[in-house]
Amino acid sequence: MKRLLLLLCLLYPVASNAACVVLLHGLARTSNSMETVQKALAEQGYQTVNDGYPSRDHAVEQLAELAIAPAIAKCSAEEPIHFVTHSLGGILVRQYLSEHDIENLGRVVMLGPPNGGSEVVDELGDVPGFHFINGDAGMQLGTGELSVPRRLGKANFDVGIIAGTRSVNLILSTLIPGPNDGKVSTENAKLGGMRDYIELPVTHTFMMSNKQVIEQVVIYLQTGRFDHHANL
């Protein structure tokens, strides 16, 4: 791993480890779900901000303001600010950047982001209890007219995306066309303008704690590219 990082750092521009990394968890999760990757980043020398936000209580537009502005305020204005997000967290970054500039924005790594929406919301959004469990933001993550991810447009920032290809919920997977992680298809994880993209044999629910995923997160933050030759 160390030799690989050294080689990649020679090939690509390297981000300073004095940088700050803001971690954003997914829908109906807490900051605890990002603790494993947070610890790994701290060991690499990054300052980390891993605060929770009330993902079920507000729409995407409000959540982006509630989650991101206070987090970046904890980072140094003199160093790059990176983001590592899971699921909804990636959509919050896109929403925030559609209305705000972060002058020292660094790199963004999205894990399992529903950038094209999720067919699970299309199929189950009208089922009693779905809105109660997932809130307003959950209803905005489909692929139809109400889809926030689909209206946000291409990325105009440095972003790498990790998509999963395994599922722990085969029932939900039947609602999603093509390879998927149980919540998001690999196709809908992609985003126009992304700098790099990689698929790993991980599930939506647990990808944030997966060793391979975390290694790829570190590599991307340090080099701006994933390692597509790793033993996957």
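Which side chain does the side chain of Thr48 join in a polar contact? I looked this up before anything else. The side chains of Thr48 and Gln38 are joined by a polar contact of 3.2 Å. I take a polar contact as a pair of N or O atoms within 3.5 Å; within protein, one must be able to donate a hydrogen and the other to accept it, and residues adjacent in sequence count only if both atoms are side-chain atoms.

**Basis**

I am working with a predicted model, in which local features need pLDDT of at least 70, side-chain atom pairs count only at pLDDT 80 or more, and totals for chains, interfaces and linings use all residues. I number residues from 1 along each chain as its sequence is written, and side-chain values use heavy atoms, with hydrogens and water left out.

**Whole chain**

I counted ten helices and six strands in the protein chain; helices (H or I, at least four residues) and strands (E, at least two) are DSSP runs, numbered from the N terminus. The radius of gyration is 17 Å, close to the 17 Å from the globule rule for 232 residues, so the protein chain is as compact as a globular protein of that length. That radius is taken over C-alpha atoms, and the rule is 2.2 Å times the number of residues to the power 0.38. I noted a C-alpha trace spanning about 50 × 40 × 30 Å along its principal axes.

Of the 232 residues, 53% are buried. Buried means under 20% relative accessible area, exposed over 50%, and partly exposed in between (1.4 Å probe, protein chains only). Taking contacts (heavy atoms within 4.5 Å) between residues at least 6 apart in sequence, I found that 76% join residues at least 24 apart.

I also looked up charge: the protein chain carries 17 positive and 24 negative side chains, with the centres of the two sets 8 Å apart. Lys and Arg count as positive and Asp and Glu as negative, while His and the chain ends are not counted; each charge is placed at NZ of Lys, CZ of Arg, CG of Asp or CD of Glu.

I placed Thr48 in strand β2, residues 47-49. Not counting residues up to four places away in sequence, Thr48 touches Val21, Leu23, Gln38, Leu41 and Ala42. Gln62 is 14 residues from Thr48 along the chain, and their C-alpha atoms are separated by 23 Å.

Asn50 sits in the loop between β2 and α3. Is Asn50 buried or exposed? Asn50 counts as buried because its relative accessibility is 11%. Its side chain reaches the backbone oxygen of Ser31 at 2.9 Å and makes a polar contact of 3.2 Å with the side chain of Gln38. Beyond four places in sequence, I list Leu23, Ser31, Met34, Glu35 and Gln38 as contacts of Asn50.

**Helix α6**

In α6, residues 130-139, the buried residues are Phe130, Asn134, Gly135, Ala137 and Gly138. I find them packed against α3 (60-73), α4 (88-97) and α5 (119-124).

**Positive phi**

I checked Ala28, where phi is near 60 degrees, a positive value in a residue other than glycine. Ala28 lies in the loop between β1 (20-24) and α2 (35-43), and is partly exposed at a relative accessible area of 45%.

Ser87, not a glycine either, has a positive phi of about 55 degrees. I located Ser87 in the loop between β3 (81-86) and α4. Ser87 counts as buried, at 9% relative accessibility.
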